[in-house]
Amino acid sequence: MASYFDELETCTADVRAAALAKVLPVQIAHAQGLPGYSGLADIDPASITTVSDLAHLPVLRKSELGEKQKTSAPFGGFTTFDASGFDHIFQSPGPLYEPGMVSHDWWRFGRFLHAVGIGKGDIIQNCFGYHLTPAGMMFENGARAVGAAVLPAGTGQTELQAQAAHSIGVTAYAGTPDYLKVILEKADELGLKLKIKTAAVSGGALFPSLRQFYADRGIACLQCYATADLGQIAFESPAMEGMIVDEGVIVEIVTPGTGDPVAEGEVGEVVVTSLNPDYPLIRFATGDMSAVMPGESPCGRTNVRIKGWMGRADQTTKIKGMFVRPEQVAALVAKHDEITRVRVIATRDGETDVMTVQIESPTGDGAAYAASVQDLLKLRGRIKVVPVGSLPKDGLLIEDQRTYD
């Protein structure tokens with residue numbers, strides 16, 4: 001019989017929607033009171049009660065967060081407390097600064113660890129870094145939420161890691177997908193028997209062959225999707241059919257470079273609204289690509305599922321010395337009502353860049369769009385009108401097919 005972290009994981013869509021209708025306006029109103037959210041000043045919080053309502057709000061990009069942190073250090077005016085009001089202050093590459101709290105599973109990793117099968121009686125070897133970046137503390141907080149003990153191992157010193165795992169009797173691993181294999185092989189080399197039976201991984205690709213390597217050694221390995229800013233976004237369950245969105249966030253999939261939601265099943269950029277009142281990130285663009293999966297997970301958890309990481313949304317490409325960005329392509333679609341989709345393809349003709357703009361439109365007249373292409377993309381290109389519905393729904397607005405062999 002399946003075990004769940006709490007009743008939220010199995011609630012009905014109606015119950016979840018009713019709860020969201022209460023909490024979302026409160027979170028929007030709370031964000032409006034923070035100096036970082038000047039762009040929400042004209043929004044009526046009472047009008048934002050559903051996921052679809054969020055599409056009326058601006059997207060917050062990491063670049064904007066970084067710029068505001070430069071003038072309003074360290075958190076850019078997006079947090080409830082100043083720096084001294086938090087338990088931790090972290091620094092990620094950029095640099096970007098993120099707050100943290102040690103209490104009440106602040107980053108929501110307990111739900112993931114419970115799904116992996118980690119709980120009381122377990123000892124987790126936490127091989128995420130504790131230095132500057134928050135991953136180590138994220139998983140440490142999750143371990144407290146499920147009652148597991150922690151070996152704060154961090155990264156490196158593999159021989160000592162293997163020895164500690166053996167001596168302490170570590171039963172679970174948390175870290176990047178590939179580093180557990182390094183520890184296991186070092187333990188084999190040293191003749192040390194390990195008791196690790198579960199692995200909670202993130203921060204890298206979990207290839208099927210690597211998951212099978214662990215399975216062959218009796219280790220169940222599941223992965224989650226998280227960021228330093230948001231904490232946990234989605235996680236695998238033992239069903240291993242996509243990733244289940246965490247109950248503490250709202251996920252939208254939008255056309256890259258815009259805030260416009262795509263149809264269910266289509267690939268787009270992951271935009272997340274956090275329900276954390278201490279750090280209420282509203283429509284925060286992760287820069288990652290994914291897609292919503294239909295239906296519910298066979299494990300019994302009822303929240304929305306996504307397919308996991310499917311690439312980066314920032315497809316900005318330099319063509320003929322000029323940058324072409326996804327938001328420019330999206331603007332071309334928005335300018336003409338009859339256009340349903342656009343794809344810019346960069347190729348080479350000898351030593352010369354060539355830009356081909358494929359446009360889904362019923363008109364069939366490429367010349368009708370030449371001026372708009374020049375105006376919005378700042379380049380002249382070949383325009384090819386294609387039948388509506390013929391371009392791939394893979395989230396790509398700009399495709400670079402150039403090779404430099």
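Asp353 and Arg402 make a salt bridge, with their closest N and O atoms 3.2 Å apart; the term stands for a side-chain nitrogen of Lys or Arg within 4 Å of a carboxyl oxygen of Asp or Glu. Asp353 sits in strand β19 (residues 352–360) and Arg402 in the segment after β21 (398–400), so this pair ties together parts that are 49 residues apart in sequence. Asp353 and Arg402 are both buried, where buried means under 20% relative accessible area, exposed over 50%, and partly exposed in between (1.4 Å probe, protein chains only).

Keep in mind that this is a predicted model, where local features need pLDDT of at least 70, side-chain atom pairs count only at pLDDT 80 or more, and totals for chains, interfaces and linings use all residues. Residues are numbered from 1 along each chain as its sequence is written, and side-chain values use heavy atoms, leaving out hydrogens and water.

Now look at Asp288, which forms a salt bridge with Arg312, the closest N and O atoms being 2.7 Å apart. This pair, too, links distant parts of the chain: Asp288 is in strand β13 (residues 284–290), while Arg312 is in the loop between β15 (305–306) and β16 (317–319), 24 residues apart. Asp288 is buried because its relative accessible area is 8%, whereas Arg312, at 46%, counts as partly exposed.

Stepping back, the whole structure has 26 salt bridges. Asp6, Glu9, Arg108, Arg111, Asp246 and Arg301 are linked in a network of them. The protein has nine helices and 21 strands; these are DSSP runs (H or I, at least four residues, for helices; E, at least two, for strands), numbered from the N terminus.
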